[in-house]
Amino acid sequence: DISTPKVHLLFPLSSPQAAYVKSFLTTLSGVAAQDHNFSLLVLCANQATLNSSQQIAQPFFQSGQLDSASVQFSLAAGAKDRADILTIGVNSLSSNELMLFVDLTVRFSASLLRNTRLNTSPNRQVFYPVGFTTFPD
């Protein structure tokens with residue numbers, strides 16, 4: 001849909017974390033059933049993380065839960081930390097693209113995509129949802 005900006009999700013991975021990646025892709029496949037106007041760029045700090053992540057994603061592509069055209073995996077060569085990984089991802093997109101940095105532990109939903117679109121203005125306003133963790137008493 002041309003009136004709905006595409007949200008580019010940047011997902012940095014510094015090490016293989018199979019359980020979190022699988023959980024995130026499961027959640028994302030549910031979101032994709034409601035909103036197709038996004039892309040996911042999984043940025044991996046090393047080859048082992050890249051290979052592991054691609055292997056985890058294959059069943060999602062084969063079953064049709066996720067479109068392989070909307071999910072890409074990339075090696076963030078030379079990255080020393082998560083900030084470097086994200087910088088590589090940001091530099092791979094044009095400056096007027098709508099980007100959302102996602103983390104392994106973020107509870108992701110279609111409403112987060114909607115809120116990202118509603119609460120941003122190109123070159124004027126960013127949407128910065130603040131995550132928090134609750135701890136048992």
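Modeller: Helices (H or I, at least four residues) and strands (E, at least two) are DSSP runs, numbered from the N terminus. The model is predicted: local features need pLDDT of at least 70, side-chain atom pairs count only at pLDDT 80 or more, and totals for chains, interfaces and linings use all residues. Residues are numbered from 1 along each chain as its sequence is written, while side-chain values use heavy atoms, with hydrogens and water left out.

Colleague: What do the buried residues of α2 pack against?

Modeller: Buried means under 20% relative accessible area, exposed over 50%, and partly exposed in between (1.4 Å probe, protein chains only). By that rule, the buried residues of α2 are Thr49, Leu50, Ser52, Ser53, Ile56, Ala57, Phe60 and Phe61. They pack against β1 (7-13), α1, β2 and β3 (71-75).

Colleague: Which residues does serine 53 touch, not counting residues up to four places away in sequence?

Modeller: Serine 53 belongs to helix α2, and because its relative accessibility is 1%, it counts as buried. A polar atom of its side chain lies 2.9 Å from the backbone oxygen of threonine 49. Contact means heavy atoms within 4.5 Å. With residues up to four places away set aside, serine 53 touches Leu13, Val21, Cys44 and Phe73.

Colleague: Which residues flank α2, starting with the one whose side-chain oxygen reaches the backbone nitrogen of alanine 48?

Modeller: Just after α2, glycine 64 has a positive phi of about 85 degrees. At the start of α2, the backbone nitrogen of alanine 48 has a side-chain oxygen within 3.3 Å, and that oxygen belongs to asparagine 46.

Colleague: What is the bridge partner of phenylalanine 11 in β2?

Modeller: Seven of the seven residues of β1 are buried, with Val7, Leu9, Phe11 and Leu13 on one side and His8, Leu10 and Pro12 on the other. In a regular strand the side chains alternate between the two faces of the sheet. Two strands pair if DSSP finds at least two bridges between them; β1 and β2 run parallel and are joined by seven. Within β2, the partner of phenylalanine 11 is valine 42.

Colleague: How many salt bridges does a search of the whole structure find?

Modeller: A salt bridge is a side-chain nitrogen of Lys or Arg within 4 Å of a carboxyl oxygen of Asp or Glu. Searching the whole structure for such pairs gives a count of two.

Colleague: How many residues apart are arginine 117 and aspartate 35?

Modeller: The side chains of arginine 117 and aspartate 35 form a salt bridge, N to O 2.7 Å. Arginine 117 sits in helix α4 (residues 110-118), and aspartate 35 in the loop between α1 (18-32) and β2 (38-44). Both arginine 117 and aspartate 35 are buried. This pair links distant parts of the chain, and the separation is 82 residues.

Colleague: How far apart are the closest N and O atoms of arginine 82 and aspartate 103?

Modeller: Arginine 82 and aspartate 103 form a salt bridge. Arginine 82 lies in helix α3 (residues 82-91) and aspartate 103 in the loop between β4 (98-101) and α4, so the pair ties together parts that are 21 residues apart in sequence. Arginine 82 is partly exposed at 35% relative accessible area, and aspartate 103 is partly exposed at 25%. The distance between their closest N and O atoms is 2.3 Å.

Colleague: How far from a polar atom of the side chain of arginine 82 does the backbone oxygen of proline 12 lie?

Modeller: Leaving aside neighbours within four places in sequence, arginine 82 is in contact with Pro12 and Asp103. From the backbone oxygen of proline 12 to a polar atom of the arginine 82 side chain, the distance is 3.5 Å.

How values were computed
Polar contact = N/O pair within 3.5 Å; in protein donor to acceptor, adjacent residues only side chain to side chain.
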